[in-house]
Amino acid sequence: MNWLTKSVLPKIKAFVNKEETKQNLWIKCKSCDQMIFEKDLNKNFNICTTCNFHMPLYPKERMKFLLDDNTFEQIDYSTENQDILGFKDLKKYSDRLKDSKRKTEQDDCILLVKGKIESFPVVIAAFDFRFMGGSMGRSVGNAFIKGANIALDQKCAFVTIPSSGGARMQEGIISLMQMPRTIAALQMIEDAKLPHIVILTNPTTGGVTASFAMLGDIHIAEPGATIGFAGKRVIEETVKEKLPENFQTSEYLLEHGMVDIVADRKKHREILSNILDITLSNKN
Ligand SMILES: [Zn+2]
């Protein structure tokens, strides 16, 4: 390898790739296969402009349209002893954590935020699915409890936005302990008569569904999201029955009383501000 291939070539490649990524990025909709220009998709809140399929929207992007301008304030939470078991499967858990932190620029899969919606203060805990499938481990429990405590101090609403495969298996039983921890935190919110509003996004499954995600005072769901505990295939194999086509979707859950509102994410800010107006106007 000479200096040309070693030094100059990578620089040229990096330059060309960067330009290509910036200018020609098209995203294929997983639902209708339509190619959409990335800029148009971003302007449309990551919703397919052809079929209305809601693609993932990561927490910081979501906050841009949910919160009033210049009110976003990120809150840190404890990530001590994330890998207390020194767990290793195909890869070390500590390495998985490092990769996810680099990818998402977050300490764990929750983004904890203070802000305002139409001047109503809120605390929001939003999940990033890119961080180990939004799985719930000890740090997520820490973030959740901290968020609930701040909502109590400020007498404001606690909004949670799950997107999760469930418990963080690499933390063993500690991950399961986060289910009662989050529920205990919500009990404090309930005792103080403050609203807990959940925005269910795709997917919300496993231990997250089996704990705080189904304990909202009001459940809003994004259209077409998968929401359930065990997967459809597992249930079919267990009960030996064919389940309906739209089983475990937002729309199915709305029909069966598990969800209150199914709404495009474009409308979430307006819906939240109405709920806050009704539930908190006489409180502060
Ligand atoms: Zn589409």
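1. The second largest pocket of this predicted model is lined by Tyr-58, Pro-59, Lys-60, Glu-61, Lys-103, Thr-104, Glu-105, Gln-106, Asp-128 and Arg-130. On a 1 Å grid over the protein atoms alone, a pocket is an open set of points where a 1.4 Å probe fits, with protein on both sides within 12 Å along at least five of seven lines; lining residues have an atom within 4 Å of a point.

2. α3 (59-66) and α4 (93-104) each supply at least two residues of this second lining, and α3 gives the most, with 3 residues. Helices are DSSP runs of H or I with at least four residues, strands are E runs with at least two, and both are numbered from the N terminus.

3. Ala, Val, Leu, Ile, Met, Phe, Trp, Tyr, Cys and Pro count as nonpolar, Asp, Glu, Lys and Arg as charged, and the others, Gly among them, as polar.

4. The space in the second largest pocket is about 160 Å³, and that in the largest pocket about 350 Å³. Each volume is the space filled by probe spheres set on the points, which are joined across faces, edges and corners.

5. The largest pocket has 22 lining residues, of which Met-55, Pro-56, Leu-57, Tyr-58 and Asn-202 are the closest to its centre. β1 (26-28) and β5 (120-127) are the elements that give two or more residues to this lining. Its classes are 12 nonpolar, 4 polar and 6 charged.

6. Domain 1 (1-55) and domain 2 (56-280) each contribute at least three residues to the lining of the largest pocket; the bounds come from an automatic or database domain assignment.

7. Residues are numbered from 1 along each chain as its sequence is written. In this predicted model, local features need pLDDT of at least 70 and side-chain atom pairs count only at pLDDT 80 or more, while totals for chains, interfaces and linings use all residues.

Technical notes. Side-chain values use heavy atoms; hydrogens and water are left out.
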